[in-house]
Amino acid sequence: DQPTLAQQTQQALDDFLSGLPDEQQKTVAATGTGNYVIDNNGVIRAAYVEKDYTKRMEPEDIILALNAL
């Protein structure tokens, strides 16, 4: 059974936060960015979460994820 979009989004956020020092995990600003490739069933097939809003998923990675759908 596939996880829901909400579960996948929460997991992506949890993965992102786990990479931060403990004191920063509680004070993450909403200025980060996330890029997702979501299939027609609402399943996230690729995710990129970054605290630096100037960074994005590489176009090549997006194309690979789209081609894999």
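The legends below describe close-up views of a predicted model. Residues are numbered from 1 along each chain as its sequence is written, and side-chain values use heavy atoms, with hydrogens and water left out. Because this is a predicted model, local features need pLDDT of at least 70 and side-chain atom pairs count only at pLDDT 80 or more, whereas totals for chains, interfaces and linings use all residues.

View 1. Strand β1 covers residues 33-38, and strand β2, residues 44-50, pairs with β1 in the antiparallel sense over six bridges; strands here are DSSP runs of E with at least two residues, numbered from the N terminus, and two strands pair if DSSP finds at least two bridges between them. The two strands form a hairpin with five residues between them, and Gly42 in the turn has a positive phi of about 85°.

**View 2. The surroundings of Asn35.** Asn35 lies in β1 and stands opposite Tyr48 in β2. Its side chain reaches the backbone nitrogen of Met57 at 3.0 Å. Leaving aside neighbours within four places in sequence, Asn35 is in contact (heavy atoms within 4.5 Å) with Ala46, Ala47, Tyr48, Arg56 and Met57.

**View 3. Gln8 in helix α1.** Gln8 belongs to helix α1, residues 5-18, a helix being a DSSP run of H or I with at least four residues. Gln8 counts as buried because its relative accessible area is 12%, where buried means under 20%, exposed over 50% and partly exposed in between, with a 1.4 Å probe and protein chains only. Not counting residues up to four places away in sequence, Gln8 touches Pro3, Gly42, Val43 and Ile44. Gln8 and Arg45 are 37 residues apart in sequence, and their C-alpha atoms are 9.6 Å apart in space.

**View 4. The salt bridge of Asp39 and Arg45.** The side chains of Asp39 and Arg45 meet in a salt bridge at 2.8 Å, N to O, the term meaning a side-chain nitrogen of Lys or Arg within 4 Å of a carboxyl oxygen of Asp or Glu. By this rule the count comes to one salt bridge. Asp39 is buried, at 14% relative accessibility, whereas Arg45 is partly exposed, with a relative accessible area of 46%.

**View 5. A nonpolar surface patch.** Leu5, Tyr36 and Ile38 make a nonpolar surface patch of about 250 Å². Leu5 is found in helix α1 and is partly exposed, with a relative accessible area of 39%. Patches are made of residues with over 30% relative accessible area and no salt bridge, with like charges joined within 9 Å and nonpolar side chains (Val, Leu, Ile, Met, Phe, Trp, Tyr) within 5 Å.

Conventions: A polar contact is a pair of N or O atoms within 3.5 Å; within protein, one must be able to donate a hydrogen and the other to accept it, and residues adjacent in sequence count only if both atoms are side-chain atoms. Accessible areas come from the Shrake-Rupley method with a 1.4 Å probe; for residues, only the protein chains shown count as cover.
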